[in-house]
Amino acid sequence: MSFNHAEAGLVARVSHLTKSYGTGSSQVTALDDVSIGIRQGEFTAIMGPSGSGKSTLMHIMAGLDSPTSGRAWLGDTEITELGDTELTVLRRRRIGFVFQSFNLVPTLDIRGNIHLPFELDGRMPSTTEKAWISDLIQSLGLADRLAHRPHELSGGQQQRVAIARALAARPDLVFADEPTGNLDSRTGREVLSLLAAASRDYGQSIAMVTHDPIAASYADRILFLADGRVVEEQGKSSAEDISRYMLGMEQNA
Amino acid sequence: MNRLKLTGRPADHRSSLIVTALSAAFGVALVQATSYMATMVTADDAGSFASVQLMLSMVSGVFVVIAVYVGAIVTANTFATIIAGRTRTIALMRLIGSTASAQRRAVAREGLLIGLAGSLLGGIVGFLVALVALRIAVLAGAVPDLPYAFADLYLVLPLLCVVVATWASSWVGSRRVLSVTPIQATGTVQEASREETLKRPFRNAFAAIMFYGGLLLLAGGVALGLFSPFGFIVAFLGGIVSFTGFVTGAHVFMPPVLRVVGRLMGNSPSARMATENATRYPERSTRTTIGIVIGVTLITTFAVASEGFLAMLLGSPENQPQDAEEVYEILYIIVGVFSALIGFSAIIAAFGMVNNLSLSVFQRTRELGLLRALGFTSRQVRAMVVAESAQMTVAAVGTGLLLGIFYGWAGAQSLLGQLNEGPVLVWPSVPWPLLAALVVAAAALTFGAAQVPVRRATRISPVLALSID
């Protein structure tokens, strides 16, 4: 492939991606010929109503699911060509996740959860990585929580732990799946500010899937999906503009 | 009004049914064997039939009780695990308006049904197996053909025991139903189900008194055994009391053992995650392992004690070597039969372990999906589940071996200490063939127990971690 992603400023890209489930008359198309790129160092929101295919798109881009046809790259690695073990190692080293339901490991304390990416990789963090992790812990306000178990923390604190875990190994791209879905609005705004700051201050590339216009308003760039297709792309927008666009989309449907 | 029923998956109860049926089959077969043996022993002297049968019944009764006891522990454990997995459903029922005690009664009803079905099934199988085995033995000329009572009223006893034990253990195992709150049905509650290691001052104190008191009695018996044959009786009592203390307080003893064994598993990510998992629910892991501990302890005790006895016989100058050889043979047969009878409860316990591991993998589906998403390869997941299995097996077999060697030695010492007219010290003699057999069995159990859960665990897709259930 002659296309150079780094030069184009893309950290991830999919081309002519199609995903369908079932066969014959019961066939459902979740993604229909989608081609997008996620820019390096940007906070990108992927928006759309339920069933628009945004989750499926994220699963494929993160190497969790495989497309029916089309190709996906992370950096210059074509992930649609990789086997299960290679994909797993790729996720471990180059992708971070923040989930709606936090998904911390209940048996591990907070320190253990943040170090999990290194633990899974079977190595100790280097000196620079250690410094980076303690920076993260400080700025996320988790310093006095390290010995606690996840269930002893509030939802907002748990999500901050998940963000620390996602950023710890400095992955190429962090995927956030409705990261504020289980939080009250004030805590949700805090979490979104943290994600935006990670992108702005550290140049972390982030792709966030959401249906919440307020969440999307924190992003640098917004991609709209409907019925498995990309229907619109906007730069940084206010929640009002995003809502208006979404409502218009609903009415046209 | 229709009774609210917990919608249990049939697979939940498969293992309880198997365990119940195994205990019942074992009991019925043993009662039949006892009846036959009593008939055989008293073939010449019909008058003493009742007393011989009573004695034999008592011996076989002990084995049946051990098997039922281990089966009950396994069943209680299985029920506790099933309840943990059903928290959401129970919470929903509570939300709609069912009381906690009604929910618990529903679980106990399931236990009663399983007890009835299992004991009926096992009873028939045990009855037929014993009948056929005896026929074969008679046809082969190994034993004489005697008109023994093969359909004794005693047959009902083990079945009754099994039903009651299963019912009771489903009741005990469903204790956690009471702590499920209706709010848990609303879903946002994070998995905080780290089984509250209940503080039980009474039980712990009882266990400590039994354990240490029993050990003291045992030490006294061993000391007395240097001078008097009564030492053995005292030591025997001490052994029973202290082992009961150990089993009662196992939730204090076993978790540290599991941790130590876990540390021996190495430092790979899979091994470390496995250690965390095996010690996550200390009570559950304890109950899973204790059945195997009991089985291995009893087998080892008999083997070590009889080995000590033999060593003594072979060592003393006034015994003729031929005599010793004869005794050796008889003793070996006895030890073999006893081991097989006790070993049966170990098989029941092994079933419990397989089931527990499967259920725990099933209940961790989401967490395993998360690990896969974050970068755990399916090979690492496999290694983790096998390591969990190995950790439990090694901890259980190791503890059982150590206890058995100790009790066996104490038994031999108290019995033989004054045999050659004067205080003698007996060294604990370890029967190496038994040790080797146990290690092989443990290895087989480790990998056997891990097969089903491994298949389940490696099939879990990482996408599961992202879905909101």
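Strand β4, residues 69-74 of chain A, and strand β5 of chain A pair in the antiparallel sense over two bridges. One of the residue pairs here is L74(A) with T77(A), its bridge partner in β5(A). Everything I say today rests on a predicted model.

Let me place that pair in its sheet. The sheet is open and has four strands, in the order β2-β1-β4-β5 of chain A, with antiparallel pairing. β2, residues 28-39, and β5, residues 77-78, stand at the edges with a single partner strand each, so one side of each has no neighbour in the sheet.

Moving along from β4(A), we come to β1(A). Five bridges join β1(A) to β4(A), and the two run antiparallel. R13(A) has W73(A) in β4(A) as its bridge partner. On to β2(A): eight bridges join β1(A) to β2(A), again antiparallel. V14(A) is bridged to I36(A) in β2(A). β1(A) and β2(A) form a hairpin, with six residues between them. In the turn of that hairpin, G22(A) has a positive phi of about 75°.

What lies across β1, β2 and β4 of chain A? That is α2(A), which runs at about 120° to β1(A). Keep α2(A) in mind, as it comes back with the next sheet.

The next sheet is also in chain A. Six strands form an open sheet in the order β6-β7-β8-β3-β9-β10, and the pairing is mixed. Its edges are β6, residues 95-98, and β10, residues 229-235; each has a single partner strand, so one side of each is left without a neighbour in the sheet. Ignoring direction, neighbouring strands are turned by 20° against each other on average.

As an example of the pairing, take strand β3, residues 43-47, and strand β9, residues 221-226, both of chain A: they run parallel and are joined by four bridges. A45(A) stands opposite I222(A) in β9(A).

Which helices pack on this sheet? Helix α2(A), residues 54-61, is one of them, touching β3, β7, β8 and β9 of chain A. Its direction makes about 150° with that of β8(A). Helix α8(A), residues 185-202, packs on the sheet too, touching β3, β7 and β8 of chain A. The direction of α8(A) also makes about 150° with that of β8(A).

Now the contact between the chains. It takes 28 residues from chain A and 24 residues from chain B. On the chain A side, the elements giving two or more residues are α3, residues 84-94, and α5, residues 116-121. The largest share of that side, six residues, comes from α3(A). By class, the chain A side divides into eleven nonpolar, ten polar and seven charged residues.

That brings us to chain B, and to its helices. Helix α3(B) covers residues 100-139, which is 40 residues.

Next, two helix pairs in chain B. Two packed helices are described by the angle between their axes and the distance between the axes.

The contact of α5(B) with α6(B) has 15 nonpolar, eleven polar and one charged residues. The crossing of α5(B) past α6(B) is left-handed.

The second pair is α8(B), residues 269-278, and α12(B), residues 378-416. These pack at an angle of about 50°, with their axes 8 Å apart. α8(B) and α12(B) are therefore oblique to each other. α8(B) passes α12(B) in a right-handed crossing. On the α8(B) side, the residues in the contact include P269(B), M273(B) and A274(B); on the α12(B) side they include A383(B), M384(B) and E388(B). By class, that contact divides into nine nonpolar, five polar and one charged.

Terms used
Residues are numbered from 1 along each chain as its sequence is written. Chains are lettered from A and ligands numbered from 1 in the order in which they are written. This is a predicted model: local features need pLDDT of at least 70, side-chain atom pairs count only at pLDDT 80 or more; totals for chains, interfaces and linings use all residues. A crossing is left-handed if the near helix is turned anticlockwise from the far one by less than a right angle, and right-handed if clockwise. Ala, Val, Leu, Ile, Met, Phe, Trp, Tyr, Cys and Pro count as nonpolar, Asp, Glu, Lys and Arg as charged, and the others, Gly among them, as polar. Two residues are in contact if their C-beta atoms, placed from the backbone, lie within 7 Å. The expected span of a helix is 1.5 Å times one less than its number of residues. Two strands pair if DSSP finds at least two bridges between them. Axes are lines fitted to C-alpha atoms, for helices over the stretch in contact, and angles run from 0 to 180 degrees between N-to-C directions. Angles under 35 degrees count as roughly parallel, over 145 as roughly antiparallel, 65 to 115 as roughly perpendicular and the rest as oblique.
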